[in-house]
Amino acid sequence: MENINAQMTILDVVSKYRETEAVFKRYDQKAGACLCCEELFEPLWKVAEKYHLDLNKLMYDIEEAVAI
Amino acid sequence: MLKFTMWPRRDEFQPSMKLHTEVNRMMKELDCRGLACPGPVLRTKDLLENHRPDVIKVIVDNEASKQNVKRFMESQNYKVNVEIDGSLFYVIGSDEAGSEVQSEERPAPEPHVETKKIVVMIGTDRMGYGDDELGKKLMLNFLATLKEMGDDLWRLILINNGVKLTIEGSDALPILKELADNGVYILVCGTCLTYFGLLDKKDVGETTNMLDVVTSLQLADKVINI
């Protein structure tokens, strides 16, 4: 599995690991926006910063989804 | 309520399908109506990576998808035009190195009248009542026979117990994957997967929500509900 890092865009992540789409959908509520609609081409760190998300938690949730 | 319709055999289909095939040598078309982001972009990405068509036309029904598909095509060096027809957006990309499609020369997009759009909604993992083992076998048989609908089978929606057909280890998985490979959009209820604790076990189709379901039913020519 390629190392997922915060420089990757949402599209990079969901296209390689389709199971992570559910993770981003869960974060829509926290963000107050559809992340896959509005920020598909933005790196994860920037998305976390913009919507005040816990980047470490987001990365953990993504990696957990891929690991299962 | 079960609605069941007889359809013609494959050898009775009209030659309009052959015409569509000839066009496909130059142009590929993706109908992404009813798909929530990032579905349209992911499908466009898969198509470009596998075929790199000279011209690609992606049909979407919302502004976000239109913008994302356009942006993705442009990132892949496609020249993009967008046409609007009512509530639909036709995002048309032409390969910079290939033939260019001029919007003023291209005829206006026509509605899809040749191919029906049939949605099959499945709310269970077995057919009928009385014997569950028989019911499961009948469901597998039903899914295997769905391909006889040909291109008329547009979407498969799985809700409630139906989502269990899509998880790892399901006997239905090879059949569903074959349908997906043949272009059938398989939508799997995310709420249902979460309820059953199966969200991460889904192995085919796209996780969807009620908006996608309602939109698919609205756009369908026929709905078969199992």
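**Entry 1: two helices in chain A**

I began with a pair of helices and found that helix 2 of chain A passes helix 5 of chain A in a right-handed crossing. My note on the term: a crossing is left-handed if the near helix is turned anticlockwise from the far one by less than a right angle, and right-handed if clockwise. Helices here are DSSP runs of H or I with at least four residues, strands are runs of E with at least two, and both are numbered from the N terminus.

This is a predicted model, where local features need pLDDT of at least 70, side-chain atom pairs count only at pLDDT 80 or more, and totals for chains, interfaces and linings use all residues. Residues are numbered from 1 along each chain as its sequence is written, while chains are lettered from A and ligands numbered from 1 in the order in which they are written.

Back to my helices: helix 2 covers residues 21-31 of chain A and helix 5 covers residues 55-67 of chain A, and their axes come within 9 Å and cross at roughly 145 degrees. Axes are lines fitted to C-alpha atoms, for helices over the stretch in contact, and angles run from 0 to 180 degrees between N-to-C directions.

Which residues of helix 2 of chain A meet helix 5 of chain A? I found A:Ala22, A:Val23 and A:Tyr27 on helix 2, facing A:Leu58, A:Asp61, A:Ile62 and A:Ala65 on helix 5. Two residues are in contact if their C-beta atoms, placed from the backbone, lie within 7 Å. By class, I noted six nonpolar residues, no polar ones and one charged in this contact. For the classes, Ala, Val, Leu, Ile, Met, Phe, Trp, Tyr, Cys and Pro count as nonpolar, Asp, Glu, Lys and Arg as charged, and the others, Gly among them, as polar.

**Entry 2: where the chains meet**

Next I looked at the contact of the two chains, which takes 15 residues from chain A and 12 residues from chain B. On the chain B side, helix 2 (39-51) and helix 3 (63-75) are the elements that give two or more residues. I sorted that side of chain B into six nonpolar, three polar and three charged residues. The model scores ipTM 0.92 and pTM 0.53.

**Entry 3: the four-stranded sheet of chain B**

In chain B I found seven helices and nine strands. Four of the strands form an open sheet in the order 1-2-4-3, with mixed pairing. Strand 1 (27-31) and strand 3 of chain B stand at the edges with a single partner strand each, so one side of each has no neighbour in the sheet. The twist averages 15 degrees from one strand to the next. Two strands pair if DSSP finds at least two bridges between them.

I went through the pairs of this sheet:

- Strand 1 and strand 2 of chain B run parallel and are joined by five bridges; B:Glu29 has B:Lys57 as its bridge partner in strand 2.
- Strand 2 (residues 55-60) and strand 4 (residues 88-95) of chain B are antiparallel, with six bridges; B:Lys57 stands opposite B:Ile92 in strand 4.
- Strand 3 (residues 78-85) and strand 4 of chain B are antiparallel too, over eight bridges; B:Ile84 has B:Phe89 as its partner in strand 4.

Strand 3 and strand 4 of chain B form a hairpin with two residues between them, and B:Gly86 in the turn has a positive phi of about 70 degrees.

**Entry 4: the five-stranded sheet of chain B**

What is the order of strands in the sheet of five? I read it as 8-7-6-5-9 in chain B, an open sheet with parallel pairing. Strand 8 (206-208) and strand 9 (222-225) of chain B are the edge strands, each with a single partner, so one side of each is left without a neighbour in the sheet. Here the twist averages 25 degrees from one strand to the next. Strand 7 (residues 185-189) and strand 8 of chain B share three bridges, and B:Cys189 is partnered by B:Thr208.

**Entry 5: one residue, and a word of care**

I picked B:Leu138, which is found in helix 4 (residues 132-145) of chain B. Leaving aside its neighbours within four places in sequence, B:Leu138 is in contact with B:Arg126, B:Met127 and B:Gly128.

Lastly I checked pLDDT, the predictor's confidence in each residue, from 0 to 100. Chain B has a mean pLDDT of 82, and 81% of its residues reach 70 or more. Over residues 1-25 of chain B the pLDDT is below 50, and over residues 98-107 of chain B the pLDDT is below 50 as well. Where pLDDT is low, the predicted coordinates should not be read in detail.
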